[in-house]
Amino acid sequence: MGAKYISDTNLQGSDKFYDLDLCSIENETFEGGEELTYKLYYNWRFVWIPAGEVNFKIEENDSLYNISAVGKTYSSYDNIFKVRDYFYSTIDKETMLPISFKREIEEGKYRLFDSISFDQVNQTALAIHGKTKETAQETEFEMGGCMQDMLSLLFYIRNVDYTEVPEGSQIPLKLFFDKEIFPIKMEYDGKDKKKKIKGLGKFRTLKFIPEVVAGEVFDEDTKMKIWVSDDQNKIPLLIESPVSVGSVKAVLKSHSGLKHKFDSKR
């Protein structure tokens, strides 16, 4: 896997830094046919409101994974804030690096079209970015290294061998979206053997605190928390995060087509 542990007190205030090979990782956690659905809740003044769902699907052929994520608010929530978000990523099975990415966003009155073609060998990206597909502008970027997109990154980190990562370590990652390169960190916060997940019960979990990109959704000091099943699938069970107004959480609602036995439940 090409990973190594580095102790460096000068590294952005952290003395635990776990370096990964960002150009290649072996997929041992998922396969074509996997489908995960999450129920989304929005918290406003201490009341959790069911707002919508997001569905992840994986298809595969001999050389590629085609992954989609579709997020929609419930019809009962649409009058408050209607969301129809579509994400698609094509990933090279050998390296687990993205070849292409597309994002179409409809959130209230906000619209965005974002399409990226990655040349991981020459470390360039061709981005088509704008409010609509018809008005989007084409720009080429130098990436300066291997790069993940917003969707492929989720499946890359599922394949890290966390038995080799010391608790409290910061894992450096690289992400390209919105015509920018974002070097981000994800902290591995160790294991929770009895984490209660709404509607599912108690699970053995791995906990992570990823750095988020500040903007319209997240404030600069936002701390997202993710609990992942402590089994061979390493699927996210619960995601919690403050947002600009209130907070949100995503809870696993259903799953099918898992590669391994889902045996992290207590």
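**Salt bridges, strands and spaces**

Tutor: The count comes to 10 salt bridges, a salt bridge being a side-chain nitrogen of Lys or Arg within 4 Å of a carboxyl oxygen of Asp or Glu. This is a predicted model: local features need pLDDT of at least 70, side-chain atom pairs count only at pLDDT 80 or more, and totals for chains, interfaces and linings use all residues. Residues are numbered from 1 along each chain as its sequence is written, and side-chain values use heavy atoms, with hydrogens and water left out.

Student: Why would two side chains pair like that?

Tutor: Side chains of opposite charge can pair when their charged atoms come close.

Student: Ok, which residue does Asp-178 pair with?

Tutor: Asp-178 forms a salt bridge with Arg-103. Their closest N and O atoms are 2.5 Å apart. The pair links distant parts of the chain, 75 residues apart. Asp-178 sits in the loop between β11 and β12, and Arg-103 in strand β7, residues 98-107. Strands here are DSSP runs of E, at least two residues long, numbered from the N terminus.

Student: What else is in the network with Arg-103 and Asp-178?

Tutor: Asp-114. Salt bridges link Arg-103, Asp-114 and Asp-178 in a network.

Student: And which residue does Glu-211 pair with?

Tutor: Lys-185, with the closest N and O atoms 3.4 Å apart. This pair also links distant parts of the chain, 26 residues apart. Glu-211 is in the loop between β13 (201-210) and β14 (225-229), while Lys-185 is in strand β12. Glu-211 is partly exposed, at 36% relative accessibility.

Student: What about Lys-102?

Tutor: Lys-102 forms a salt bridge with Glu-104. The closest N and O atoms there are 3.8 Å apart. Lys-102 is partly exposed, with 32% relative accessibility. Glu-104 is partly exposed too, with a relative accessible area of 32%.

Student: Switching topic. How does β11 join to β12?

Tutor: Through 8 bridges, and the two strands run antiparallel. Two strands pair if DSSP finds at least two bridges between them. Strand β12 covers residues 180-197. One example is Ile-171, whose bridge partner in β12 is Met-186. The hairpin of β11 and β12 has 2 residues between the strands. There, Asp-178 takes a positive phi near 50 degrees.

Student: Is β11 enclosed or exposed?

Tutor: 7 of the 8 residues of β11 are buried, so this strand is largely enclosed by the rest of the structure.

Student: Which other residues have a positive phi without being a glycine?

Tutor: Met-96 is one of them, at about 65 degrees. Met-96 is in the loop between β6 (83-92) and β7, and it is buried at 0% relative accessibility. Lys-234 has a positive phi of about 50 degrees. Lys-234 lies in the loop between β14 and β15 (236-242), and is buried, with a relative accessible area of 13%.

Student: Last topic: how many cavities of 30 Å³ or more are there?

Tutor: The structure holds 1. On a 1 Å grid over the protein atoms alone, a cavity is a set of points where a 1.4 Å probe fits but cannot get out, and lining residues have an atom within 4 Å of a point. Grid points are joined across faces, edges and corners, and a volume is the space filled by probe spheres set on the points.

Student: Which residues line the largest cavity?

Tutor: Leu-22, Cys-146, Met-147, Gln-148, Tyr-156 and Lys-174.

Methods:
Buried means under 20% relative accessible area, exposed over 50%, partly exposed in between (1.4 Å probe, protein chains only). Helices (H or I, at least four residues) and strands (E, at least two) are DSSP runs, numbered from the N terminus. On a 1 Å grid over the protein atoms alone, a cavity is a set of points where a 1.4 Å probe fits but cannot get out, and a pocket is an open set with protein on both sides within 12 Å along at least five of seven lines; lining residues have an atom within 4 Å of a point.
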